[in-house]
Each structure stands twice: as C-alpha cells, then as structure tokens.
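Subject: Structure for you to look through

Hello,

I am passing on the structure that we talked about, and below it you will find my notes on what turned up in it. Please read them slowly with the structure open beside you.

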Amino acid sequence: MDHSSKPNSRPWAHENAFSISSFDEIGETARGFAHSSFNPSEFFIPGWKGEGLITASAIVIKNILSNLSIDALALFKKSCSTNKSMKLQTYNEFMHFADYAKIDKSLLGLQNDFWLHMQDESSPLKKHLDDFVRIHCFRAVAIYLFRIKFIMDLSKEQNLTVTEDILLNPLSFLGKIFKKDSSTELVCESLQINQYSWYRPSSEYKESLLKLKEAFENITLTELIKLISTPKDDQIYSIRNYSHSLSHLSFGLLVNELLIKFPTWLKPEGKSKAYNSSKVCVLPKTINTRFIGNHVSSFALSHWLAQETNIKISQWNNLICPEFEGLEFIDGQFLKICQELQFLSFLTRVAVEHKYEIIPFICKIMREKYQNTPGEDADHHQVSFLNLGNVESHETLYNRIVLNLTELPKTNPHHFLVQQILAQKAVMKKDGMIFVFTNQKLFVPSHSERVEQLLKEFKVEASFNLEELKGKGEIAHFIYVITKRTAPTAANKHLFEVNKKVKESCLSFEFKGNLSRFNKFNKLVEELQNFIRHKNPITTPIYINELEKKISFEFHQDAIIEGKLVSSVSTKESGHLPHPSFFKNLTKSCTSLENFFHIELISQDDYLNSKKNVASELLGLKIGPEKQFPLLLIINQTDPMNVKIELTTTDSYRSKIEQYGTAFFYYFGMVPKSQVINLNVFREFFTSILGNQIIQLQLSDGPTKLKAKLKSLMIPTFFDKTLMMPSEIKNQFALLDFDARELKTHHPYELQSQFNKIQSSFSEYSELYPWHVLGLLSHFKLQVQSTLEDFEANKPNDLNFNNPLITESLVKLKTHAIYPNNPDVYIDYKIKTHQELQLPLTSIQIKNEGDENMVVFKFQEKEIVHLHSSVIMNHFIKFILQNAIGVKVADLLLNLKVPTIKELETVTSNVEQIKASKSLLLRDTEDLISKLLRTQISK
C-alpha cells in the first residue's frame, strides 16, 4: 500500500505476529478444551519451528476447528452426493490431490468411479480417500471460519448483533447487507458456490460458535492463517515447509515497496495528480495483484505482516488487492479463497482506520478487482454481477504479478522460466508489471536467442541481484521487474529501415553481504525505500552504500542488447573486476556536468532556421545556435555499445550536422558557468577509459531523456578547482607547453629526457595542482598526436629538416650544383630576356600541375623559374631557400647545391625513428593522464 511516511522504525515487535500469554493462562484454557493429557507439541503451529507459542484465543479457535471438522466429516457424503455440481468439483479436487500425493489414478478415469470407490469400504484407494476427505472437510471448515471472521469484524464496526442463526447461515446474513443489483452489491468469488461452500455447522454447535466472537477479536490475521494451514495429525498435508525468510515482515515490506512505490518511481510520468486531502476524500486506487508460484503461503504471511504494519499510515494512494494461488494442491484454490476472505476482513479495518464508509468502500474495492477483464479497454462495457451468484467467467487482468520460481526442474530450467513468464502475458493489464523471483539467471549468454524472443513481448526494466547475500534463506537469487510491450506501429513497407542494434537500459540493484541475523535484511529494505524516495532512475548512474560491515546496497545502470545483459560496470563475466571501493569513490569524487555548463538541446528546427539566414551571416550577423552557445557537444550513438562525445565550438555546427546528420547524432549547445574552462580537460576525460565507461553507463539507451542524462553525467569534482601552478614550478613542465612545430625541431632523445624529468616529479605536483597538470598533459597529447598524424600521412611539407636527427645526416652528404645541369633537378625558365634573372626573389612556393610537382621562383606576381624534381627534393629546396628572399634569382641558380634524391630519401628515412619516439611519448602521456584520474577519483 502506498504511504507518504516511513514505516515503523522498529517493526520487529510484530515479527512473529504472536502474543505470548502466560503459561498459567494457557494452561487454564487448555484444561477447558483439551480432551487428552497435556502435550507441548500441540501448542506449536505445525510446520513451524517454534517461533512463538499460540495464544489462548488461538487455542479456542483450534478446538472449535477440530470439533467442526468432525461435524463436517459426518455431513460430507450426504451433502456432496446430492448435488451434481458439488460432486464434480469434489472429484476435480481429489484429482488435484492425487497429483500432489502421487496416487495411481488409473482406477479413477471417470467421476462415477471416484464416488463408487468412496462408498466402497474395501476399495484399494480407501486410505487415500480417507486422507483426502479429512483434508477437504478441514478446508471447508477453515473457509467457514474465515467467513465468520469477516462477519464478526463487519458487525462490530456496524454495531450489528451476531446471533446463532447468523453463525449457522453466514451467506444469508451477507446477502441482506450486500444487496443484489444495488450499489452495495458485493462482487466476491470466495462468497460464491465452490467446492468448499457446502459446509454449514449442525445446530448442536450453536453455543460453542458464540465463543468465536471474543477469540477472533484477540487473534491476528496471520496467526489465524497459520492455525488453519494444517489439519491436526495429518501426515500428507503437514509436509508443508513454511519459509521463515519469505514469511518475514521485512520481506513483506520489500515486496510491498516493489509493488507500489517502484513502478511510480520507474515511470514518474504515470504518476496520478495529487489531491488536497483536506478538501476531498480520495479513495485509494486498486492495484490488482496476483501471487503465484512456489511458497505462496509464505508470501501471504509476509504480505499481511507488512499491511498490518502500514495500516496506520495517514495517506494511502494505492491499495493492493492480492490474489494468492499456488501451483500445487497444498495451496491452490483453497489458499486463494481463504486469502480473499481475509482481504475482506482487512478492508473492514482499513475503512475504520481511514474513516471510509465501510460497506461502500468494500463494494467499491471488490468491484474494481473483478471488472479488470480483457474487455477493459472498451469504456462502454460494464460487467454485471449477481450478489452471491457466479462471478463472470472472464479471466481477471492484473496490475501486478508476483511470480516466485525458486523450485525449478533439473532439466532446462531456463526454458521453464521463460515459458512461465510468457504465460503471464494473457492476464496482464497493458500497463502491468511482473516481478519474477527466481534462482535461475535470465540473461545467460548461451540462451540469448531465447531471451530475445522473450524481449519481443516484454521489457526487463530492472534486475535485483541477491546472489552474494548470504543468510537470506529461501529468498530468490534474482528479482526481475518486467513490463509488457505495447503493440508496435505498423511499418510502411515502402520505407527503408536501418537494421540497427537496439540497446535498452536495465536498472541493476545488488544486495551483498552476510546477514548474521535475518532481521538485518530490513536494513537493505530501508535503504531501497530511501533510494527510491531520493534518487532519480534516469539521472543516477551509480549509487553504493555500505550499510554496515559486510552488508552493502549497490545500484548502477546496465543495458540489454541482442538478448544479453551488458554491464556498464566491470563484472566477473567480463574477466575484469575492479576493487569494490572504486565505484564507491567514484560517486563521492564526481559532480554533474550541469555544474560546469548550461546545456540545451539544439533541435532540427534550429538548424533549418539557421540555413534560411545565411544572408545575415554574410553581413556579419550571427544567428541561431552559433549566437546563443559558444560551445557544441555532440553525442554519437551510431554504435550503441560505444557511445561517444565530441566537444567543439558552435562555429562548426553547420558543417558537423551536414557531415553526421541527425539519425544517430544529437547536438547540444553549452554555455560555461565559469570563465576558467579548459575544454581540453573535458575532451580528455570523455576519451579516457574511465570517461568512456561513465558515458556508456549514462547515455546508453538512445534519445530517451537524453538531456537529463547528459546534465547528470559524472565529471570529476577537481575539474572545478582551477588552481594554477606557480611560475617556478610550471617551468619544470615547460615541455608540455610545446606546440607541434616545436616538437618537430627537437631531437627525440632530448624530448624523452625532458619528459623523464616530468615523470619524476609528477606524483607530487599532480596531487597539488591536478586541474592544471591535466590541462598541460591534454595539450601535450594533442600536439604529439598532431605530429604523428603528419608522419602517418607521409607529407614532405611536414618534415622538419631542422630536426637534429635529420640535420646530423644531411651535413654529411655530398652536394651537387643544379646549374647548368643536374640529373635530379630540371630548370625551366619562364622569362623573355636574360636580364629578368637579375630580379630579386620575392617569394618561393611549391606548385602542382597535374602529376607534376615543382618549385616556383617569383618576383612579385611574375614567375621567373620552375624547378622540376621529386616531391621530397622540392620541399628540401624550399626549406634551403626560405631565408633567401631578396637575393637575385641568377645568384641562387649559380650557387644552389643539393644532394641526390636517393641520398636525401635515405636521410629522411630517419623520420621512422622520430615517429617511434613520438608514439612512445604519446603512450607515456596517456599513462600519466590515466594515473592522475584514477588517483583523484580513488581518494
């Protein structure tokens, strides 16, 4: 149920839901009702391990239950043999019992066979039939008592007198209160004709039934459930194994949180509008919920413990309407009917506690429960129910389904799990959720194709991993929160669709540790409640909290692609598991991107509008995003497994959008909130291993809420601490300020020597001035990358012949004059008279004409001479003559000497050595950057 305040901080007072009376009082009561000598074992709930003694009121009910069971045995054959429908229902019930008890059914092919064996005292099935009848009669009496409990609770609040006749004919009494075809008609399956409704006590039990009134007032609902769970001395049915952990209050609070708060937190857009409770009384919304699978009885107990704990909460927005149905005879229809009758009693308490009108409130809740049929989408369709008649046969649809599958078949358990989930689709509302509790991991790489088929029908919204939580008892290793997909829109067969991998987010929770006492599980439940109350599922990438030693709560965002769960944090499966404190420190040492920038999405309309105003820009007027935002951030989701971020200026916005398009790229304008912003620091972080991992963590599932996710993108906090190094210290890092041109002029050994000195003092100064040092390293990395790109492109014009490594070899070469005749250099005169060779050189350039590459000597705009040679020779000649401006062209031709092309190419091959040294520098620089980021985050 929904509530605004926190549950009782000390709920363990209700842990066992028993009140322990004094032994004297118990003894007095026992002597009044027991027919045999005192036996301590009779005062414990069968199937339980002695968590508490039953109360005196429970003893009263237990003895009446025992006496009425004897009465029911006497009435059974007479009642069931006279009613055809009852005979069929009883036969079907026995067949279910036979499956559970593993009885040979070959002698019971027809309904009549069953009744013939029932009347035959010498039947080979006599023992099994007797066991069944005893259990069946016990169940009929138990359900009768639940009806009486509801009547007494209702009568007490309505100030009605409960007489012996009412106790003997409960349905007749209810028919007068909840009148057929009226606004107070009660739609309730458990009050209809069923296989247990045949029993009514004989008149001789009138007086003893009146003792139930006081007993029911002093017994809790959960104690009553335990009391009616097992027939006395039954050897077949008593093998029920109640789960201590699943029937615990803290587990009930966990399930309650998942059913009520979690869906609203997960999809806040579906949150209903709040009303002013002081002005209008708003009844809670009905949340129709189905509990199915293993240990459903234990789920029922923990559910009611949680509901009783929360009943006094001031405001309820939602009310769980539970339906419990186990997979086996041990629970089955009996549990379903009992729990619905218990729900009616609970609704009476809710109405009183919250001051609702009792009868209208009960009718309204139950009507809503049964009107959720497959025809719910037709607004005009209203189902009519007859009071105490048969409920419509339409199968009920559920808002929530709790599917507990902890007992799986040994062969192909994964297939069984998937089939059980798929089977729930038919009974889910379109906005419903399934909560799957299982010990079978859903995302198994070898079964990804099967999971893909499941994901066509459903979406896995979240997963809870409790595998590393020791001491949790029968609680499942995994909990999956699953929703039903809406029908896809019809595709246009004429349109081409890109076959792109679909990546969906999946919220991952982990409970880890060792529960020395099970009630410590409540700490994890409270932490989940606190997390849901204060954290946003979209903008919270990682959350880790160590509640106490060896118990922790963790949250992070994963992704699902091609039927596989791709963890955004390193996992055991990936073979790389970081220290547990790393991500904990990450959450403490990071802030959000919006603390550094104002961020706005640039829409396609902004681009179209800017294209229309090109004329304005020609006049020097900036418009559109270029005017509003100085910076442009681009999110590249072309590869959903490797989302990338690019940070640049908005001057390049138009060219970027023309280059990338808008299908998988998203553009954001940004305005710095501080005047001291080093963009290289952010660029470096985005491309680092750590930054890339955070990007995958937060921006993994397409454009959904992309702006909100981007704003919350985790950025190291030290980026905001822009502390500069003093000049005397900065001089030690002078190398990192070099640009690409300066790097080309220094000998590789000299560069490496200077970098080694920086490495020796790096730890000390990077700790004191992390922002400044990271900025220098980022700049240096970009410059080294620039020189390497030039070398990779083999551009002769980017060769620096002043580099000592090249110069040392060049000065040793033999040179040859280019005039009058040089086989490697051809002189082409572009003059009319020889006097023009006396003109001074004003510029020299390299020119391409087709495949021809040449050096051009110019006087002003007039071309004097063309020198034709290889590309490398032409660039060498230009390099030699770069300071010859003003010298006569004739003098240059007479005095210019060059080595042969072959020797020149040999010398310049030393570029590979320079390239290798630059690659080493780049690697070492990246190592320092990674070390700095790790150190700052691991503080």
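The accessible surface of the protein comes to about 44500 Å², and 50% of that surface belongs to carbon and sulfur atoms; accessible areas come from the Shrake-Rupley method with a 1.4 Å probe, and for residues only the protein chains shown count as cover. Please keep in mind that this is a predicted model, in which local features need pLDDT of at least 70 and side-chain atom pairs count only at pLDDT 80 or more, while totals for chains, interfaces and linings use all residues. Residues are numbered from 1 along each chain as its sequence is written, and side-chain values use heavy atoms, with hydrogens and water left out.

The overall picture

The protein holds 34 helices and 23 strands, where helices (H or I, at least four residues) and strands (E, at least two) are DSSP runs numbered from the N terminus. Of its 939 residues, 52% are buried; buried means under 20% relative accessible area, exposed means over 50%, and partly exposed lies in between, with a 1.4 Å probe and protein chains only. If you take the contacts (heavy atoms within 4.5 Å) between residues at least 6 apart in sequence, 77% of them join residues at least 24 apart.

Aromatic pairs

A pair of aromatic rings is described by the distance of the centres and the angle of the planes. Rings of Phe, Tyr and Trp (for Trp, its six-membered ring) pair if their centres lie within 6.5 Å, and planes under 30 degrees apart count as stacked, over 60 as edge-to-face and the rest as tilted. A search of the whole structure finds 51 aromatic pairs. In one of them, the rings of Phe94 and Phe114 have centres 5.1 Å apart and planes at 40°, so this pair is tilted. Because Phe94 lies in helix H3 (residues 84–101) and Phe114 in helix H4 (residues 111–119), the pair ties together parts that are 20 residues apart in sequence, and both Phe94 and Phe114 are buried. Trp198 and Tyr199 form an edge-to-face pair, with 5.9 Å from centre to centre and 80° between the planes; Trp198 is buried at a relative accessible area of 11%, and Tyr199 is buried at 2%. Ring pairs also link a cluster of residues, among them Phe262, Trp265, Phe464, Tyr543 and Phe555.

Salt bridges

A salt bridge is a side-chain nitrogen of Lys or Arg within 4 Å of a carboxyl oxygen of Asp or Glu, and by this rule the count comes to 32. Glu554 forms one with Lys512, the closest N and O atoms being 3.5 Å apart. This pair links distant parts of the chain, with Glu554 in strand S10 (residues 551–561) and Lys512 in strand S8 (residues 503–514), 42 residues apart; Glu554 is buried, with a relative accessible area of 13%. Another salt bridge joins Lys520 to Glu548, where the closest N and O atoms are 2.8 Å apart. Since Lys520 lies in the loop between S8 and helix H17 (521–534) and Glu548 in strand S9 (residues 542–548), the pair ties together parts that are 28 residues apart in sequence. Lys520 counts as buried at 14% relative accessibility, whereas Glu548 is partly exposed at 22%. Elsewhere, Glu121, Lys126 and Asp130 are linked in a network of salt bridges.

One residue in its surroundings

Where does Asn294 sit? Asn294 is found in the loop between strand S1 (285–293) and helix H12 (296–310), and at 10% relative accessibility Asn294 counts as buried. Leaving aside residues up to four places away in sequence, Asn294 touches Phe299, Leu327, Asn404, Leu405, Thr406 and Glu407. A polar atom of the Asn294 side chain lies 3.1 Å from the backbone nitrogen of Thr406.

A patch on the surface

Tyr819, Tyr829 and Leu894 form a nonpolar patch on the surface, with about 290 Å² of accessible area together. Patches are made of residues with over 30% relative accessible area and no salt bridge, like charges being joined within 9 Å and nonpolar side chains (Val, Leu, Ile, Met, Phe, Trp, Tyr) within 5 Å. Tyr829 has its place in strand S19 (residues 826–829) and is partly exposed, with a relative accessible area of 36%.

How values were computed. Polar contact = N/O pair within 3.5 Å; in protein donor to acceptor, adjacent residues only side chain to side chain.
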